[in-house]
Amino acid sequence: MVAHLKPAERLKNIKPSGIRRFFALAQGMPDVINLSIGEPDFTPPKHVLDAAEKAAKDGKTHYTPTNGIPELRTALAQKANSDYGLTYDPESEILVTVGGTEAIFLALIGLINPGDEVLIPNPGFVCYEPSVLLAGGVPVYFPLLEENDFKPTVDSVTSLITDKSRVIFLNYPNNPTSAVLCYKEVAALAAAAVERDLIVISDEVYERIIYGDAKHCCLATFSGMNARTLVVNSFSKTYAMTGLRVGYVYGPKELVSALWLAHQFVVACVNGPAQYAALAALKGSQDCVKEMVREFDRRRRLVYNRLNDIEGFGCMLPKGAFYVFPNIRAFGMSSEEFAEFLLKEAGVATAPGSSFGSYGEGYIRISYASSYEELEEALDRIEKAVKRIK
Ligand SMILES: Cc1ncc(COP(=O)(O)O)c(C=O)c1O
C-alpha cells in the first residue's frame, strides 16, 4: 500500500451518481429496458453529422479559439436575440463549453469563494451539488415539493438566504420533476434574486422540450436579471447530441470572463468538428426538434396515463423535459429499494428519486427517451411486478 495514493480531501463528500449505479447494474443484466438515463434516443439530424464529418475532413481538427469558433458564437448571439430579445457580445459574453456540465462547473469554480453559500434545488440535477463542493462552496437546498407541483415558493428560497448566499440555481424545464414555471412564478423568483443580490445560474438545457401551453421563460429577460444571470444551455437534449459535448453559457462580461479563464486551463477549447455540428444544428431547419418533441409528447401521455392507472403510483403530467417523477410511497419501500425491485422483478431500470437529493425520496424518475413500444413493454412489466407486492 502506497500511503500517499489517496484522493484529495476535496473529494471526500463527493459520491458517485446514483443514476450511474443503476445504469451500470442494468448493463450487466439480460433483457433490461433502461429508463434510467437522461438522453434522447434519437440520433442527431443528418445535416448535423455531415457538418462534423466535413469539418474533420476539411482539417478543422486543430485547437479553436478558447471561447469557441466565432461563427458559432455569432449564431448563438443571434439565437438569444431572436428567441428572447437579449443582446450579447459574441466576443466577451458567450462561451462555448463541453456541454452544460462544464458550464455549471466553470460557473462555480469561477465565481465561488470558499464558504460561499449556493442555493440549489432538491431534488435537483446531479451535477449541482458536487460542483458546489468541488468549488469549496456550501450547498443550501431549497425543497421542490409535490404539493407545490415541484415549484419553489419565494418563501422557501428567501428563508434560506444569509449574508453568505451568493448564487442560486434555477432549472426550468426541470430535471428530474419535469415542472415548468409560468411567467409570474419566474418573475417572483427573479425579483427575490435582485432584492437579495444573488447571481442566478439558470440551467435552460430543456428550453425547447416543452409541451402543451407551457412556455419557457428565459431568466435573463426579467427586470434586473441580465446583469446577474448566467444562462446555461446545451445542444445535448435539443438536437440529441449528448455525445458530441457542446454546450454554452451567456451572461454579462464580468461573469463570463471568469468562466473563460477557468475553461482555458481545463479543456483549452471544445472539440472543433463538434462545434461545426452545433453551428449546423442552429442554422439548419428546426423541424427535427419539433418532430422529436411531438414524439416525446406522445410518450409522455402514454407513461403518465399508464402509471396513474396502476394502483400505488401517483404522478404529475410532465410539462417539459422527458421524465416522469411518480410518487411511489404507497409501495412501502425506499426509492432505492423500489428501483432495485423494478430492476430485478420487472427488468426495468429507473433512477431512484433519492439520487437527486433527500427531497427526492419517495419518488423514482422514469425517462421516456425510449421508443413507444419499449415504453409499453416496460409499463406492462412494471404493472405485473407491482401486483406481486403484498
Ligand atoms: C438539468 C440538466 N442540466 C445540464 C445537463 C448537462 O447536459 P450536457 O452536459 O450534456 O449539456 C443535464 C443533463 O442531463 C441536465 O439534465
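Where does the ligand sit? The ligand sits in the largest pocket.

**Figure 1. The ligand in the largest pocket.** This is a predicted model, in which local features need pLDDT of at least 70 and side-chain atom pairs count only at pLDDT 80 or more, whereas totals for chains, interfaces and linings use all residues. Residues are numbered from 1 along each chain as its sequence is written, and side-chain values use heavy atoms, with hydrogens and water left out. A pocket is an open set of points on a 1 Å grid over the protein atoms alone, where a 1.4 Å probe fits, with protein on both sides within 12 Å along at least five of seven lines. A molecule sits in a pocket if more than half of its atoms lie within 2 Å of its grid points.

**Figure 2. The shell around the ligand.** The ligand is surrounded by 13 residues (a heavy atom within 4 Å), and the closest are Thr-101, Asp-203, Ser-234, Ser-236 and Lys-237. The shell comprises three nonpolar, seven polar and three charged residues. Helix α4 (residues 99–111) supplies the largest share, three residues.

Figure 3. Oxygen atoms of the ligand lie 2.6 Å from a side-chain N or O atom of Ser-234, 2.6 Å from one of Ser-236 and 2.8 Å from one of Tyr-206. The protein covers 93% of the 400 Å² of accessible area (Shrake-Rupley method, 1.4 Å probe) that the ligand has on its own.

**Figure 4. A salt bridge between Glu-185 and Lys-151.** The two side chains meet at 3.2 Å, N to O; a salt bridge requires a side-chain nitrogen of Lys or Arg within 4 Å of a carboxyl oxygen of Asp or Glu. Glu-185 belongs to helix α7 (residues 183–195), and Lys-151 to the loop between β4 (138–143) and α6 (154–158), 34 residues apart.

Note on methods
A polar contact is a pair of N or O atoms within 3.5 Å; within protein, one must be able to donate a hydrogen and the other to accept it, and residues adjacent in sequence count only if both atoms are side-chain atoms. On a 1 Å grid over the protein atoms alone, a cavity is a set of points where a 1.4 Å probe fits but cannot get out, and a pocket is an open set with protein on both sides within 12 Å along at least five of seven lines; lining residues have an atom within 4 Å of a point. Helices (H or I, at least four residues) and strands (E, at least two) are DSSP runs, numbered from the N terminus. Ala, Val, Leu, Ile, Met, Phe, Trp, Tyr, Cys and Pro count as nonpolar, Asp, Glu, Lys and Arg as charged, and the others, Gly among them, as polar.
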